[in-house]
Structure formats: C-alpha cells, structure tokens
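Reader: I would like to learn how to read the features of a model such as this one, going from the overall fold to single side chains. Could you take me through it step by step?

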Amino acid sequence: MRQLARRPPPAVRHVITHRAAFAAVALTALIAATFTAAAVSFFGAVTTIAARGELSGRAGSAIVVTANVARDQVRPASALVAATIDGPAPGLRAALSVSLQSGILKFSGRRAAATQLISLPGLASQIAVLSGNCRGGGQDPIPACVPETAARVLGLATGDRLTLRDTETGATVRVLITGIFRPTRPDSAYWMLDPIGVGGIQRFNGSFAAGPLIVSPAAAGGHFVIRSATWLGLPDFNRLRTTGLTTVASELTNRMNALPNSAVLSGANVISGLPDELTALATALIVARTQLLASLLTLLVVAGATLSLAVRLLAQRREA
C-alpha cells in the first residue's frame, strides 16, 4: 500500500519514461528562443553604435553654408541654418559655428596681393602658435594672426602693422600682426570655415589672395565691414535613431535646397554629403538586417527539425 501511495500519477510516469526526449525538446526551444532574442538585441545595439560612429568620422557629414550677409543679418541667418539642420529628426542636433568675413582687402604697395579678415571661434584649440600670440581683441589696430604659409608668401612677421583697403568701398583697415600659427589638424572639418583654405593661398586672374588674417569675434563686432559669413554645422549623432534614415535624408535635402531661396540667405551656397551618407547607411542596414534574418531562419529550421524528430520519437515510443 505504501509503494502504491508513493507512485506518481500515470501522466507523470509517462513523462518520466520519456524524459530524454522531453529534455531535448525543452533544451532546443530554450536555446532557439534565447539565441534569437540575444541576436536581435545585439544586432540592434551594434548597428546603432556602428552607424553613429560611421557618420561621426566622416568630413562629408558636415554641413557648410556660405552666403553674402550684412552684419545685421548674421543673427537671423544663424537661426535659420540651425533650424535647417536640427529640423529633420529629433536626434539630429548640430554644433553650429560661424565665421564672419570681410570683403576682399588689398595690401598697400602690393598690387597683386589680397586677403580677408575673418573671425574663427575656438581658434586656440586648432592651432600651434609659432610666434607671438593669437589672443585677439577688439582694439584699433585690429590684432590678427596669420597662417605660416601666407606669412611666408606675404613676408609678414609678428609685430608688423598693415593698412588694408576694401576693394568695394575704398575704406582702410589697420591691422597688427600679433602671431603666426600652424593648424594642428589641417584635415579637420573646422577649417571649412576658412574661405581661402588651409593652404593659405588662392590664385586667380594674375593675382592671388593669401591668408586669411584671423581676428577675434570681438573685432568682427564693428571694426570692419562684414560682407559674408560661413556656417559650419557638425551634427551630433549620439542620439540619432537608425530607423527612417531615408526619410531624414530626404527632409534634410529639401531644407538645404530651400536655403538659397530664403529671404535671409538668398543665393547661399550649401555643401554637405550628409543626405547621401544617410541614404547609403539606410541601404547598408537593410542588407545587414536581411543577412541576420537569413541566419535566424536557418536557426529556426534546425530547431524545428530537432523538435520534429523529438515528436516522432515520442510517437514511436507511445506506439511501442
């Protein structure tokens, strides 16, 4: 009687008899479910990080806007450029820098040479000072720094005093060369703010422009006439989602194409490879997701075959 009382129910005894088969089924289902969930989660995290890193590491991701603007137009123009970059996606935000630029200035006594005065924000972190200093200021004469290449071509040295003449108005600007520098990272997107370029020399029609002479934002506030400006938008992709990239690219393209037709930035020149990069990235993600799906389907087929064999084994044991 005690032995009968201790015996488990028939259903339980049936399961115990086929415990190997049930263990195989349970283990197969557990492994398939766990691996599938882990693969999907891992793939989502890795592709997001990879996509953000890929976009952040490309100079083509920068958005550069150049336009002829007066001093009183700089603030509304900056707001419009910021709205253009930040608008297409909630996670697409950009650090916006602006360079204010004079017109073409001629050197007294040097008929073939011309230059520009421009302001560059955060210059100290981008250069190595070779002589003097590049602290800038807003006094008269205007303190300015010059790249070493341009200084060599123009024969400039620290302490030189220059008188420059605006080719449009004839107004003169007095400048004091306070320092000579070399860019520490000439390939940085930062130097897209420089209209002459990192090389420091542009040749055209038998003459050349060298420089520019870089002044502080305080000097650009009223010590020379502002003719143009360049905005550099460096998007922060740390919060950008990897879904809907094609839509973001299309919206960004439409917004950038609308800038030259705006009242504030009429005729602006907009340069960026970001829309194309977003579209290419969206295509790459589709291919990667397809490959992952194929791998998961293979796993599910193997798991299904294993479960089918286990069911057949149970059926055969039951018939026996």
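The dialogue below goes from the whole chain to aromatic pairs, salt bridges and a surface patch.

Author: Please keep in mind from the start that this is a predicted model.

Reader: How many helices and strands are there in the protein, and what share of its residues is buried?

Author: The protein has 7 helices and 14 strands, and of its 320 residues 38% are buried. Its accessible surface comes to about 17400 Å², with 59% of that area belonging to carbon and sulfur atoms. As for the contacts between residues at least 6 apart in sequence, 77% of them join residues at least 24 apart.

Reader: Which geometry should I look at when I judge a pair of aromatic rings, and how many aromatic pairs does the rule give here?

Author: The general idea is to take the distance between ring centres together with the angle between planes, where planes under 30 degrees apart count as stacked and those over 60 as edge-to-face. By this rule the count comes to 2 aromatic pairs. The ring centres of Phe181 and Trp191 are 6.2 Å apart and their planes meet at 10 degrees, so this pair is stacked. Phe181 belongs to strand E9 (residues 172-183), whereas Trp191 sits in the loop between E9 and strand E10 (201-204), and the pair thus links distant parts of the chain, 10 residues apart. Tyr190 and Trp191, by contrast, have ring centres 5.1 Å apart and planes at 90 degrees, which makes the pair edge-to-face.

Reader: How should I read a salt bridge, and which residues does Arg227 pair with?

Author: A search of the whole structure finds 5 salt bridges. Arg227 forms one with Asp166, the closest N and O atoms being 3.2 Å apart. Asp166 lies in strand E8 (residues 161-166) and Arg227 in the loop between strand E12 (213-215) and strand E13 (228-236), so this pair ties together parts that are 61 residues apart in sequence. Arg227 also forms a salt bridge with Glu168, where the closest N and O atoms are 3.7 Å apart; Glu168 is in the loop between E8 and E9, 59 residues from Arg227.

Reader: What separates Arg255 and Glu251 in helix H6?

Author: Arg255 and Glu251 are 4 residues apart in helix H6 (residues 245-258), and so they are separated by about one helical turn. Their closest N and O atoms are 3.0 Å apart in a salt bridge, and both residues are partly exposed, Arg255 at 28% and Glu251 at 32%. Elsewhere, Glu148, Arg152 and Arg182 are linked in a network of salt bridges.

Reader: Which residues make the nonpolar surface patch?

Author: Leu293, Leu297 and Leu300 make this patch of about 280 Å². Leu297 is found in helix H7 (residues 274-319) and counts as partly exposed because its relative accessibility is 47%.

Notes. Residues numbered from 1 in each chain as written. Predicted model: local features only at pLDDT ≥ 70, side-chain atom pairs only at ≥ 80, totals over all residues. Heavy atoms only, no water. Patch = residues over 30% accessible without salt bridge, like charges linked within 9 Å, V, L, I, M, F, W, Y side chains within 5 Å. Areas by Shrake-Rupley, 256 points an atom, 1.4 Å probe, with all protein chains shown as cover. Salt bridge = Lys/Arg side-chain N within 4 Å of Asp/Glu carboxyl O. Helix = DSSP H or I, 4+ residues; strand = E, 2+ residues; numbered from the N terminus. Buried < 20%, exposed > 50% of the residue type's maximum accessible area, 1.4 Å probe, protein only. Phe/Tyr/Trp six-rings, centres within 6.5 Å; stacked < 30°, edge-to-face > 60°. Contact = heavy atoms within 4.5 Å.
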